[in-house]
Amino acid sequence: MEASNADITLSRKLTGLVSLAERYASPDRSVAHGGHVRTIAAGHYTVTGMSRHVRLGEFVAHRSATGIHLGEVVRVEPDLAYVCPIEPGEPIGIHDTVIRKGAFRIAPDESWCGRTINALAEPIDGGAPLVPGSVRRSISNSAPPSMARRRVEQGLRTGVRAIDIFSPLCLGQRLGVFAGSGVGKSTLLSMLAKADAFDRVVIALVGERGREVREFIEDTLGENMAKAIAVVATSDESPMLRKMAPLSAMTIAEHFRDKGENVLFIVDSVTRFAHAIREVATAAGEPPIARGYPASVFTELPRLLERAGPGEEGKGTITAIISILVDGDNHNDPIADSTRGILDGHIVLDRSLADEGRYPPINPLTSISRMARKAWTAEQEKLVSRLKTLIHRYEETRDLRLIGGYRAGSDPDLDMAIKQVPVVYEVLKQTPSDPAAVDAYADLATALKAALGVGQNGQAGMPARGRG
């Protein structure tokens with residue numbers, strides 16, 4: 001009788017696990033295979049009996065003393081599968097039952113707009129349960145084929161004058177925001193999130209401080225939250241959830257792109273995404289190759305970022321704004337260097353400019369948009385080139401002028417730079433509370449007219465108004 005009761009109990013557990021496995025299984029619904037926990041270590045546990053059936057990156061369902069939990073297979077050996085639990089602090093016991101469930105899938109829907117969810121596509125804003133869409137998508141999708149994608153052609157206005165003038169964006173472009181800690185990355189991202197050029201906004205907040213989440217969503221997005229979806233994994237959550245958050249957010253963005261919409265995709269920050277991958281890989285025994293980062297980090301970064309961009313013919317675009325936290329203000333650290341080579345441009349936030357009170361502290365000389373020529377008119381391109389020349393001349397002679405070593409009239413270009421560059425710097429100042437710039441070039445022209453007088457503008461190369 002006791003044996004019979006034990007069998008019934010085991011049968012019920014397996015039934016519950018198989019039900020969970022079927023919920024997330026791939027459409028072919030292959031037979032669910034199971035195993036048992038063999039060893040437990042910090043950051044992972046091993047499962048015996050399922051190595052022949054699971055694949056790297058697949059998910060499993062584990063029944064613990066507190067319920068059913070998910071984990072990802074991060075390493076497979078002939079007799080053992082290594083699994084990283086999704087939830088931190090999950091109670092795991094030797095011989096606990098584990099069931100294979102396949103790729104993790106979510107079903108985005110338009111009704112998700114205005115909601116804040118976690119990496120598992122579960123609401124965390126206290127609202128009603130999410131309504132699943134009609135199509136289930138793996139969060140590990142591949143990028144569209146290169147030759148099937150549309151070309152990047154159409155420029156857009158972000159409303160941030162420093163970007164619209166010196167590093168303009170196009171629909172479908174991927175741009176990085178590089179800065180050290182506390183320089184203003186999140187503030188700049190919040191300004192870009194208000195751009196009117198997009199139908200949808202999908203934001204992945206990875207490793208953020210928990211107290212800042214509501215501030216970003218309620219204060220920064222405000223009314224724009226109606227067309228936005230925020231995917232959040234805070235710094236105290238497990239590395240698996242921090243790794244999954246950008247992948248789930250990108251899958252949601254792909255859903256709207258495939259419907260023909262223009263989507264703004266924001267990640268803050270991809271560096272913490274890389275840190276999460278490093279933690280998971282280290283737990284699986286992968287050796288580091290570059291300043292503590294294993295090879296899988298440099299495999300996962302392009303797999304995520306290449307999914308952004310223009311879709312295939314007849315579909316929309318995903319314009320990606322990716323923040324990169326440069327460790328110790330070193331812009332050549334492995335993550336910054338690798339990401340810069342993948343993206344279509346980079347905005348550099350300079351700590352010295354922030355110290356001067358110039359916000360956003362965008363350095364116009366080191367910030368580059370590889371799509372700029374598709375957004376500029378011919379006149380605007382000449383203007384920006386001239387402005388960069390004047391700014392460079394102004395900055396390289398700063399020390400000379402401070403010690404009184406320069407006499408006015410000795411260098412006409414420098415005289416022009418001394419008159420115009422401070423006015424340009426003043427125009428570029430902008431805070432999140434300021435209204436978005438409708439025409440950055442017109443604002444610049446107006447400021448130069450007021451400061452220098454109309455009669456001097458021809459000599460100073462006053463900006464010509466065009467599409468900005």
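Start by selecting Phe59: is this residue buried or exposed? Phe59 is buried, with a relative accessible area of 4%. (Buried means under 20% relative accessible area, exposed means over 50%, and partly exposed is in between, using a 1.4 Å probe and protein chains only.) Before you click on, know that this is a predicted model: local features need pLDDT of at least 70, side-chain atom pairs count only at pLDDT 80 or more, and totals for chains, interfaces and linings use all residues. Residues are numbered from 1 along each chain as its sequence is written, and side-chain values use heavy atoms, with hydrogens and water left out.

**Stop 1: aromatic rings**

Searching the whole structure turns up 3 aromatic pairs.

Now jump to Tyr293 and Phe298. Their ring centres lie 6.3 Å apart with the planes at 70 degrees, so you're looking at an edge-to-face pair. Tyr293 counts as buried at 3% relative accessibility, whereas Phe298 is partly exposed, at 23%.

**Stop 2**

Select Arg291, in the loop between β16 (288–290) and β17 (293–294). Its phi is near 50 degrees, a positive value in a residue other than glycine. Arg291 is exposed, at 61% relative accessibility. Show its surroundings: leaving aside residues up to four places away in sequence, Arg291 touches Arg278, Asn330, Asp333 and Pro334.

His95 is another one to click on, with a positive phi near 75 degrees. You'll find His95 in the loop between β5 (81–85) and β6, and it is exposed, with a relative accessible area of 61%.

**Stop 2: cis peptide bonds**

Select Asp268 and Ser269: the peptide bond between them is cis, with omega near 0 degrees. Ser269 belongs to the loop between β15 (262–268) and α6 (270–283). Then try Tyr359 and Pro360, where the bond is cis as well, with omega near -5 degrees. Pro360 is in the loop between α9 (351–355) and β21 (368–369).

**Stop 3: two crossing helices**

Colour α11 (residues 378–396) and α13 (residues 412–428). Their axes come within 8 Å and cross at roughly 105 degrees, which makes α11 roughly perpendicular to α13. (Axes are lines fitted to C-alpha atoms, for helices over the stretch in contact, and angles run from 0 to 180 degrees between N-to-C directions; under 35 counts as roughly parallel, over 145 as roughly antiparallel, 65 to 115 as roughly perpendicular and the rest as oblique.) Residues making the contact include Leu387, Leu390 and Tyr394 of α11 and Leu414, Val421 and Tyr425 of α13.

Stay with the two tyrosines. The charged end of Arg358 sits over the Tyr425 ring, 3.6 Å from its centre, and Arg401 lies over the face of Tyr394, at 4.2 Å from the ring centre. (A charge sits over a ring if NZ of Lys or CZ of Arg is within 6 Å of the ring centre and within 35 degrees of the ring normal.)

**Stop 4: helix α3, then zoom out**

Select α3 (residues 185–192): how many of its 8 residues are buried? The count is 6, so α3 is mostly covered. Leu188, Leu189 and Met191 are among them. The buried residues pack against several elements, including α2 (161–166), α4 (210–221) and β19 (317–325).

Finally, show everything: the protein chain has 15 helices and 21 strands, and 53% of its 468 residues count as buried.

Conventions. Rings of Phe, Tyr and Trp (its six-membered ring) pair if their centres lie within 6.5 Å; planes under 30 degrees apart count as stacked, over 60 as edge-to-face and the rest as tilted. Helices (H or I, at least four residues) and strands (E, at least two) are DSSP runs, numbered from the N terminus. Contact means heavy atoms within 4.5 Å.
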